[in-house]
Amino acid sequence: PEQGKANRYFRVLVAEDNIVNQKVAVRQLEKLGYAADVAADGLEAIEALKRIPYDLVLMDCQMPEMDGFQATSEIRRTEEGQGHTPIVAMTANAMEGDREKCMAAGMDGYIPKPVRIETLAEILKRWDTPLNMAVVKYLGELAGPENPDFLKELLETYLKDMPGRLEAVREAVRSGDAKALQAAAHALKGSSANLGAQRLQKICLALEYIGREKTVEGAAELLEDLQKEAASVKAEMEILRGDGPRP
């Protein structure tokens with residue numbers, strides 16, 4: 001089934017040298033509602049990631065010039081403490097030991113080729129989430145054992161701030177104040193990014209761009225996305241904080 005609007009805020013890079021396989025993967029992603037770009041080898045994938053912060057990379061393991069394992073190791077080296085792009089290997093020989101090789105290179109998982117759309121849907125469901133769990137895990141590690149309430153306090157501060165920040169964005173759109181829209185969207189974007197609210201961060205970025213163009217035209221349509229995504233983030237955070245309904 002074609003997916004909803006939220007997927008506009010999740011970009012996929014397909015690193016694959018075989019043109020037929022490229023076309024099939026891109027079409028499968030389109031059917032699931034995702035926009036995808038293509039890199040023909042590992043070097044191209046590394047260059048693409050420097051330009052665009054992709055949310056997921058589907059990485060073929062066997063490629064000329066630079067294979068998927070080398071490319072992943074290089075991406076992980078450049079990321080060093082600056083975030084973590086999920087990379088899922090696509091491998092034709094799902095041999096014993098392949099999984100270990102993928103993990104050793106710094107990949108987050110692997111799927112056998114030919115890639116089935118159901119498998120792809122599962123992978124996307126795992127990574128296209130209101131909260132990036134890799135960020136949440138990092139914040140937990142940052143706190144360390146000496147500060148066990150750090151994450152809980154961060155979440156509480158964010159949740160307390162959120163209604164006012166959303167209202168500031170709405171008010172700016174209502175009153176047609178481009179400068180206020182830019183400032184309000186920028187503020188919510190920053191705190192959302194820090195807590196791994198990845199889709200919310202992107203909606204805020206889109207609103208910030210609109211405000212920067214000295215207009216609020218097109219912002220009203222994004223407000224609906226903002227409201228829905230904020231509700232999803234709030235629900236996830238409340239579960240994390242330990243007082244929300246368990247799924």
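The protein exposes about 13,300 Å², of which carbon and sulfur atoms supply 54% (areas by the Shrake-Rupley method with a 1.4 Å probe). This is a predicted model, in which local features need pLDDT of at least 70 and side-chain atom pairs count only at pLDDT 80 or more, while totals for chains, interfaces and linings use all residues. Residues are numbered from 1 along each chain as its sequence is written, and side-chain values use heavy atoms, with hydrogens and water left out.

The fold holds 10 helices and five strands (DSSP runs, H or I of at least four residues for helices and E of at least two for strands, numbered from the N terminus). The radius of gyration, 19 Å, is close to the 18 Å that the globule rule gives for 247 residues, so the protein is as compact as a globular protein of that length (taken over C-alpha atoms; the rule is 2.2 Å times the number of residues to the power 0.38). Of the 247 residues, 43% are buried, meaning under 20% relative accessible area with a 1.4 Å probe, protein chains only.

The largest pocket contains about 1,400 Å³ (on a 1 Å grid over the protein atoms alone, a pocket is an open set of points with protein on both sides within 12 Å along at least five of seven lines, and lining residues have an atom within 4 Å of a point; the volume is the space filled by probe spheres set on the points). Its lining has 43 residues, and Gln82, Gly83, His84, Thr85 and Asn132 lie nearest the centre. Helix α6 gives the largest share, seven residues.

Technical notes
On a 1 Å grid over the protein atoms alone, a cavity is a set of points where a 1.4 Å probe fits but cannot get out, and a pocket is an open set with protein on both sides within 12 Å along at least five of seven lines; lining residues have an atom within 4 Å of a point. Buried means under 20% relative accessible area, exposed over 50%, partly exposed in between (1.4 Å probe, protein chains only).
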